[in-house]
Amino acid sequence: MKIGFASDIHQLVSNRKLILAGVVIPAPFGELAHSDGDVIYHAVAEAILGALALGDLGDHFPDADAKNKDMDSSLIISHAVKLMDGLNYRVGNVDVSIHLEEPKLKSYKLSMRENLARLLNIDISCVSIKVGTNEKMDAVGQKKAIQADAIVLLEGK
């Protein structure tokens with residue numbers, strides 16, 4: 001077994017979509033990023049890479065590379081899963097925490113869990129997503145940023 005942890009944070013800006021685990025959330029802002037900015041997919045993919053000691057997202061998807069501009073972050077997860085499969089591991093479970101003041105995300109959690117489960121080839125019962133605020137503290141609390149933390153357990157096949 002191997003464990004990986006990662007955290008991803010992005011500024012929130014107008015004129016961008018807010019995308020979390022592939023779900024477009026109605027909001028007047030979205031993540032500022034080179035890709036589509038999906039902090040959940042980024043954190044989970046990087047946690048997988050970390051568990052396998054394969055570097056970080058910047059090693060695999062440099063922001064200086066134009067082909068990564070506005071990339072659908074499901075491709076980032078798929079890349080991590082392909083590498084994981086090649087090393088004969090699978091995800092045992094994944095636990096994600098999202099930090100965002102608003103909008104409230106409770107009604108989107110099931111769709112986010114379903115998308116992650118599908119991309120990771122695991123049962124939805126192995127995918128946890130928790131949401132919370134930062135109680136008006138720091139950039140997240142001041143509605144300037146969104147952050148996701150992810151931990152994954154990888155099991156040998």
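Which side chain makes a polar contact of 2.8 Å with the side chain of Asp-149? The partner is His-99. A polar contact is a pair of N or O atoms within 3.5 Å; within protein, one must be able to donate a hydrogen and the other to accept it, and residues adjacent in sequence count only if both atoms are side-chain atoms.

This is a predicted model, where local features need pLDDT of at least 70, side-chain atom pairs count only at pLDDT 80 or more, and totals for chains, interfaces and linings use all residues. Residues are numbered from 1 along each chain as its sequence is written, and side-chain values use heavy atoms, with hydrogens and water left out.

**Asp-149**

Asp-149 sits in strand E7 (residues 145-156). Strands (E, at least two residues) and helices (H or I, at least four) are DSSP runs, numbered from the N terminus. Asp-149 is buried, at 17% relative accessible area. Buried means under 20%, exposed over 50%, and partly exposed in between (1.4 Å probe, protein chains only). A polar contact of 2.6 Å also joins its side chain to that of Ser-7. Contact means heavy atoms within 4.5 Å. The C-alpha atoms of Asp-149 and Ala-6 are 5.8 Å apart, although 143 residues separate the two along the chain.

**Helix packing**

Two packed helices are described by the angle between their axes and the distance between the axes. Axes are lines fitted to C-alpha atoms, for helices over the stretch in contact, and angles run from 0 to 180 degrees between N-to-C directions.

| Helix pair | Angle | Axis distance |
|---|---|---|
| H1 (residues 39-51) and H3 | about 15 degrees | 9 Å |
| H3 (residues 74-86) and H4 (residues 109-120) | about 40 degrees | 9 Å |

The angle makes H1 roughly parallel to H3. For the other pair, the angle makes H3 oblique to H4. Angles under 35 degrees count as roughly parallel, over 145 as roughly antiparallel, 65 to 115 as roughly perpendicular and the rest as oblique.

In H1, Tyr-41, His-42, Val-44, Ala-45, Ile-48 and Leu-49 meet H3 residues including Ile-77, Ala-80 and Leu-83. By class, this contact of H1 with H3 has 10 nonpolar, 2 polar and no charged residues. Ala, Val, Leu, Ile, Met, Phe, Trp, Tyr, Cys and Pro count as nonpolar, Asp, Glu, Lys and Arg as charged, and the others, Gly among them, as polar.

Ser-74, Ile-77, Ser-78 and Val-81 of H3 meet Leu-116, Leu-119 and Leu-120 of H4. The contact of H3 with H4 has 5 nonpolar, 2 polar and no charged residues.

**Asn-115**

Helix H4 also holds Asn-115. Asn-115 is buried, with 17% relative accessible area. A polar atom of its side chain lies 2.8 Å from the backbone oxygen of Ala-21.
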